[in-house]
Amino acid sequence: MTTSLTITESNCHKKPDIQKLTQVVEHFNVPSKLLEARQFGNGHLHDTYALLCAPSTGKPQWYVFQRLHPVFKDPDALMDNITRVTSHQRNKHTRLEAVEVVLTKEAKAYFEDDEGRYWRGYVMILDATSYETVTGPMLAKQAGIGFGRFLSDLSDFPDPPLKQTIAGFRDLKGYFDKFTTVVLEDPCNRTTPARSEIDAIVDLASLVDKADISNRKSGLKRRVVHYDAKLNNVLIDNSTGVARAIVDLDTVNNGLCIYDFGDLVRTAACYTPEDQEDVSQASLDINLFEALCSGWLEYTAELLMPPELELLCFGAQAMTYEAALRFLTDYLQGDIYYKIQNPQHNLIRCRSQLALCNCLISNQTAMEDVILACRPK
Ligand code: GN1
Ligand code: MG
């Protein structure tokens with residue numbers, strides 16, 4: 001499935017509340033005549049809308065508006081990070097387009113509604129597509145190039161460091177401890193139907209210790225990273241097929257690039273979606289992996305230090321495990337974090353990520369060989 005940012009019927013789901021959206025849009029510096037509103041995209045957290053707004057004269061323009069998920073409690077820090085990162089991208093005159101935040105009439109980067117929910121808007125990047133699953137090595141390579149350029153363009157990002165927007169984000173040990181507590185408390189009586197997934201998560205717990213050690217390892221440079229480096233956060237130009245922009249900058253932070261590489265492998269080196277029901281299909285495709293590596297390393301190999309290169313495969317295992325762990329924890333808690341389309345959705349997501357994680361572990365040597373071969377000599 002793909003989400004084309006050229007608006008189509010297929011990427012729009014429920015009917016949006018036009019009255020509410022009209023009220024929100026009025027607070028922003030966009031033409032306030034709302035011609036069309038559609039629910040948009042496939043994110044797991046925010047409510048996202050494509051809005052067509054018309055000035056009194058001239059051409060209507062598409063925007064992406066989002067009502068933020070309540071996990072984002074500090075919108076000033078969130079939007080400040082995004083503004084700093086996109087300004088840096090723009091000053092570099094990079095080949096990647098930087099997303100453009102729409103300001104409110106009070107020149108703020110978000111608006112708080114009367115229910116205490118935060119809203120923000122972007123100018124929509126048209127004629128580009130966000131792919132949910134990979135179609136072949138060419139797309140995997142472009143995804144690698146997109147995130148490789150992103151890392152390289154931000155490699156000279158100035159101090160101060162970016163702000164932490166979600167406490168404990170990307171802390172695998174923290175996620176595991178939370179999971180252990182939820183399993184013990186079993187608030188929704190769901191441990192029985194999830195027994196085999198719980199056991200599978202516990203079987204792979206050595207990854208948690210390895211992440212804890214790696215995170216503190218000297219030589220692992222803290223860089224400006226995306227921290228949600230999924231295939232569907234690269235926009236691919238519809239006519240050239242080239243990576244045009246990196247979107248969804250909510251989690252940009254100073255962190256470890258092995259996890260951005262890892263998220264990319266999780267989502268672009270496997271043909272199936274994150275919620276693949278037939279888990280026998282949720283496996284690594286080595287040709288996709290090779291294409292992705294060659295794209296990513298083309299832009300990052302010169303920056304990377306030996307300990308980072310050594311831990312790239314671990315980054316992929318850890319991110320896939322983390323996804324499984326977080327989906328399962330959410331299932332056990334009664335689906336309070338991620339949006340779901342059916343009652344089993346988080347469990348299904350967990351299973352497919354577990355299958356992929358095991359596949360990444362058993363293919364580690366082959367993957368390391370590919371990385372070695374892709375590194376510029
Ligand atoms: C969430 O909503 P989305 O798809 O951009 C999550 C990521 C997970 C991802 C799983 C802030 O991202 O960490 O990897 O779902 N974002 C947050 O696909 O929790
Ligand atoms: Mg995201």
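Helix α4 passes α10 in a left-handed crossing, where left-handed means that the near helix is turned anticlockwise from the far one by less than a right angle. This is a predicted model, in which local features need pLDDT of at least 70, side-chain atom pairs count only at pLDDT 80 or more, and totals for chains, interfaces and linings use all residues. Residues are numbered from 1 along each chain as its sequence is written, and chains are lettered from A and ligands numbered from 1 in the order in which they are written.

**α4 with α10**
- The axes (lines fitted to C-alpha atoms, for helices over the stretch in contact, with angles from 0 to 180 degrees between N-to-C directions) of α4 (residues 172-185) and α10 (residues 312-333) come within 10 Å and cross at roughly 30°.
- The two helices, which are DSSP runs of H or I with at least four residues, numbered from the N terminus, are therefore roughly parallel (angles under 35 degrees).

**α10 with α11**
- α10 and α11 (residues 345-362) have axes that come within 8 Å and cross at roughly 160°.
- That makes them roughly antiparallel (angles over 145 degrees).
- This crossing, too, is left-handed.

Technical notes
Angles under 35 degrees count as roughly parallel, over 145 as roughly antiparallel, 65 to 115 as roughly perpendicular and the rest as oblique.
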